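Subject: Structure handover

Hello,

Here is the structure I promised to pass on. Please open it first, then read the notes below.

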Amino acid sequence: MPEKVLIASRFPKAMMARIGERFELLDGAGKPPLESFSAGQLSEVRALITAGGQGLKREVLDALPALGAIICYGTGYDGVDFAEAAKRKIVVGHSPAANAAAVADLAMTLMLAVTRRLLPADDYVRSGGWAAARPSPLMSPQPGNPGRRVGIYGMGEIGRKIAARVAAFETDVAYYSRSRHDVPYRYMPSLGALVEWCDVLMIAVRAGADTHHIIDADMLRRLGKDGYVVNVARGSVIDQDALVSALTDKTVAGAGLDVYESEPHAPDVLTAFPNVY
């Protein structure tokens with residue numbers, strides 16, 4: 001009999017089919033495992049596949065006495081209690097470089113969209129505003145990329161790929177991370193120094209207690225009224241209430257967000273802003 005693998009979060013069907021060739025899959029389609037499966041089914045699970053940011057409650061682990069591995073698809077693993085996993089002799093794995101290129105591409109897409117106001121421009125043309133020469137404050141000329149200062153917070157696999165991409169757009173690139181790396185970009189001595197220096201802040205740092213809400217009201221003030229923030233890390237890195245206030249008060253120029261504090265539901269208070277993508 002093939003060993004049982006629990007899919008504890010939403011997972012791509014194509015990848016699930018490949019894993020299903022070797023293992024018996026228990027797919028809860030994103031619902032809590034304790035609600036989806038019986039105690040007997042869970043008792044035989046040998047491995048669990050989950051999104052790294054999804055918390056695993058102790059009662060879930062208690063229901064999985066045969067569990068030997070927790071596999072986080074993607075680079076993050078902030079939802080895993082490592083002390084509890086070690087106590088239960090559960091191995092934890094992740095895939096730090098698996099989607100780095102795709103995430104870096106998305107970071108560039110968000111940066112270009114928000115700095116060049118792509119969606120309002122598209123609406124301006126589709127609604128007839130351009131043909132009718134109707135004035136639009138969102139269509140004022142915007143600075144281009146050559147010479148733009150792009151700061152990257154986090155220089156892991158994703159951060160490096162973002163840096164290579166933005167450098168190709170003739171930008172000035174700098175970064176801050178816990179340690180210096182052998183990369184051809186300027187290293188800033190602190191996150192605050194990076195934020196004050198840059199025009200666009202790209203967040204690609206690993207989530208954890210030390211980065212929770214580290215981009216707060218003070219950091220957003222330092223970014224300034226002409227500054228943009230792009231987050232492809234975790235929603236927890238930005239204080240969402242502070243970001244809403246900064247956008248409302250025009251403390252910052254806009255934001256490109258791949259992540260939110262409470263996913264998968266994008267908060268209406270953020271999606272209502274025309275300068276949030």
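Two strands count as paired if DSSP finds at least two bridges between them. Keep that in mind for both sheets below. Note also that this is a predicted model.

Look next at β9 and β10. Strand β9 covers residues 200-203, and strand β10 covers residues 228-231. Four bridges pair them in the parallel sense.

In general, strands of a sheet pair through backbone hydrogen bonds, either parallel or antiparallel.

**The five-stranded sheet**

Another open sheet has five strands. The order is β2-β1-β3-β4-β5, again with parallel pairing. Strands β2 (24-27) and β5 stand at the edges. Each has a single partner strand, so one side of each is left without a neighbour in the sheet. On average, neighbouring strands here are turned by 20° against each other, direction ignored.

Strand β1 (residues 4-7) runs parallel to β2, and four bridges join them. V5 finds its bridge partner in β2 at L25. Helix α1 (residues 13-20) lies across β1, β2 and β3 (45-51). The helix runs at about 145° to β2.

Strand β4 (residues 69-73) pairs with strand β5 (residues 91-94), in the parallel sense, over four bridges. Here A69 has V91 in β5 as its bridge partner. How does the chain get from β4 to β5, and what is the hand of this crossover? It passes through helix α5 (residues 82-87), and the β-α-β crossover is right-handed.

**The cavity**

How many cavities of 30 Å³ or more does the structure hold? It holds one. The space in the largest cavity is about 60 Å³. Its lining consists of N231, G235, I238, Q240, L243, L257, V259, Y260, E261 and L270. Six of the lining residues are nonpolar, three are polar and one is charged.

**A pocket**

The second largest pocket has a volume of about 240 Å³. Twelve residues line it. Nearest its centre lie R117, L138, K250, A253 and N275. The lining divides into seven nonpolar, two polar and three charged residues.

Over to you.

Best wishes

Conventions. Residues numbered from 1 in each chain as written. Predicted model: local features only at pLDDT ≥ 70, side-chain atom pairs only at ≥ 80, totals over all residues. Heavy atoms only, no water. 1 Å grid on protein atoms, 1.4 Å probe; cavity = no way out; pocket = protein on both sides within 12 Å on 5 of 7 lines; lining within 4 Å. Points joined across faces, edges and corners; volume = space filled by probe spheres on them. Nonpolar A, V, L, I, M, F, W, Y, C, P; charged D, E, K, R; others polar. Helix = DSSP H or I, 4+ residues; strand = E, 2+ residues; numbered from the N terminus. Right-handed = clockwise from strand over helix to strand, strands pointing away. Axes fitted to C-alpha atoms, helices over the stretch in contact; angles between N-to-C directions. Contact = heavy atoms within 4.5 Å.
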